Amino acid sequence: MDHFINLTLSGLANGAIYAALALSLIIIYQATRVVNFAQPALALISAYVAYTVTGATGSYWLGFGSALVTGLVLGVLTERLLIRPVHNKSPLSAIVITLGVLLTLQGTAGMIWSNEPHSFGYALDYRGMFSPADAFAVGSVLLVAVLLLALYRWTPLGLRMRAAAFRPEVARMVGVRVGLMLTVGWGIASLVGALGGVLAAPPFLSPNVLDTAFVYGITAAVVGGLDNPFGAIFGGFLLGVSLSYVSSYAGPELVTLAALVILVLVLSVRPDGLFSRPQARKV
Amino acid sequence: MSKPLLRVEDLVTSYGAVRAVDSVTVDVAEGEIHAILGANGAGKTTLLRTISGLLSADSGRVWLDGKDLTRTPAEQHVHHGLAHVPEGGGVIVELTVEENLRLGGLWKRDRAERSAALTEMFDLFPPLWERRSRPASTLSGGERQMLAIGRALMARPRVLLLDEPSLGLAPLVTQRIMRLLRDLRERTGLTVVLVEQNAQSALSVADRGLVLWLGRVVARDTSEQLLADDQMRHAYLGF
């Protein structure tokens, strides 16, 4: 029984990371119908900045903070410089651009920081089952989720952002600067992605270190329903815990396959994900 | 007529080679309800969308109280006192009734003013108060139209552009909306540009109107005159 509880707890810690990454994808998807494939690269650069700052100052928390700021800035820049020019084109254009950003930034990271793995620390002590580092991962992601919920639900900015996402033209009619809201959304999403990146990277940082975590992040987002932030968070934790069981009871080599099976099972029962709202789409 | 509050001057808007609005001039006096009539595809909605900046004009000008709004971005129009209720209302069904209303006043910095406007809207539309925390998707068609108008009024506009408020509504509900427009005008001096296919109900409240046909103005007169012109009614208004 102890083993089962331990598996659940460590699954929750991984799940928190998937939840953060899923959330970072969904914030953008909801507003623009674009799956931001650049997100792992934005998170990666953020993690490298954390690595550099921590190396220079000796403070993990300065590195952590600078990663979040880097994430925010990179998200804003990506939207303003690369995505905005194709705003009125099909979402496919933007998606292809995000793929380009992914490849460019991963290559750039290798050129700046080398492709060799660097050791990258945990926030807190990582030893033992549900270590302080695990608790920090779960706690920080839940805190971010609550803050985001509060922002979207109870602030004028959040109301503007939701209006811009749901009905951009109507939002403009009531004076909302829709473009600005998209930029803010990209910044916030990328900040959440950077948090996921810093949590997912340890113990080693290399240009492709976040790829697997992001595949699980996308899986979590789809399982939860791409239209629902709660779904993303739930999907993240569900996937983390499930994969933890699979890894221990069936063998770690089956984890990737299990993620696929979960995805297929959920989609065959609920094609739009567990928490999607039924809705009519314009065709 | 005194100096118009809203002046549309020789406006042209095209979709590719098609001139949807073709040299249209409209003068709307302060406190007037002005009907824009015409069949489907006459260019009514295009005209309204160009006035509110959602479409850019090929040529011509839009003036509001002497200010040239022709090249002003759509999201700025509300700052100049122009509010637009689109066809179907444009209620955001994913938001609650209250959130929809709040949205209309958000551009104002003064919080006290925003909440005063909200209270006023709930007084004006008691059914919206009862349903304030429900998603707007649960409202009936008539209630949605009220909500859409309420949201536009939250901005305390000087000119309200209203696109087909009667669309899909029962005649009784349409009547109620038309009465509301007249009351608002009497109480607050609101100026209304009312686009309607349902010419009869629009002319029942409007002071004056014009008839569009393939993007051009084919008639403009007082409501009484338009209603009295049998030839015009049969040819363009279908009753």
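**A hairpin and the strands of chain B**

Tutor: Let's begin with a hairpin: β1(B) and β2(B) form one, with two residues between them, and B:G16 in that turn has a positive phi of about 65°. Before we go on, keep in mind that this is a predicted model, in which local features need pLDDT of at least 70, side-chain atom pairs count only at pLDDT 80 or more, and totals for chains, interfaces and linings use all residues. Residues are numbered from 1 along each chain as its sequence is written, while chains are lettered from A and ligands numbered from 1 in the order in which they are written.

A word on the labels: helices (H or I, at least four residues) and strands (E, at least two) are DSSP runs, numbered from the N terminus. Two strands pair if DSSP finds at least two bridges between them. One place to look is B:T13, which sits opposite B:V21 in β2(B).

Now zoom in on B:D10, which is also in strand β1 of chain B. Its phi is near 55°, a positive value in a residue other than glycine. Is B:D10 buried or exposed? B:D10 counts as exposed, because it has 12 C-beta neighbours inside 10 Å. The rule is that a residue is buried if 20 or more other C-beta atoms lie within 10 Å of its own, exposed if 12 or fewer, and partly exposed in between, with C-beta atoms placed from the backbone.

Where do we go from the hairpin? UniProt lists residues 6-239 of chain B, in an unreviewed entry, as "domain: ABC transporter"; such positions use the numbering here, feature names are shortened, and annotations may be inferred rather than shown by experiment.

Who are the neighbours of β3(B)? With β8 (residues 191-196) of chain B, β3(B) pairs in the parallel sense over five bridges, and B:L37 has B:E196 as its bridge partner there. With β9(B), β3(B) also runs parallel, joined by four bridges; B:H34 stands opposite B:R208. Moving on from β9 (residues 208-213) of chain B, six bridges join it to β10(B), and those two run antiparallel. In that pair, B:L210 faces B:R220.

The contact between the chains takes 15 residues from chain A and 20 residues from chain B, where two residues are in contact if their C-beta atoms, placed from the backbone, lie within 7 Å. On the chain A side, α6 and α7 (168-173) are the elements that give two or more residues, and α6(A) has the largest share, six residues. That side divides into eight nonpolar, one polar and six charged residues. Here Ala, Val, Leu, Ile, Met, Phe, Trp, Tyr, Cys and Pro count as nonpolar, Asp, Glu, Lys and Arg as charged, and the others, Gly among them, as polar.

Within chain A, α6 (residues 156-166) packs against α5 (residues 132-154) at an angle of about 80°, with the axes 5 Å apart. Axes are lines fitted to C-alpha atoms, for helices over the stretch in contact, and angles run from 0 to 180 degrees between N-to-C directions. The two helices are therefore roughly perpendicular, the word for 65 to 115 degrees; under 35 is roughly parallel, over 145 roughly antiparallel, and the rest oblique.
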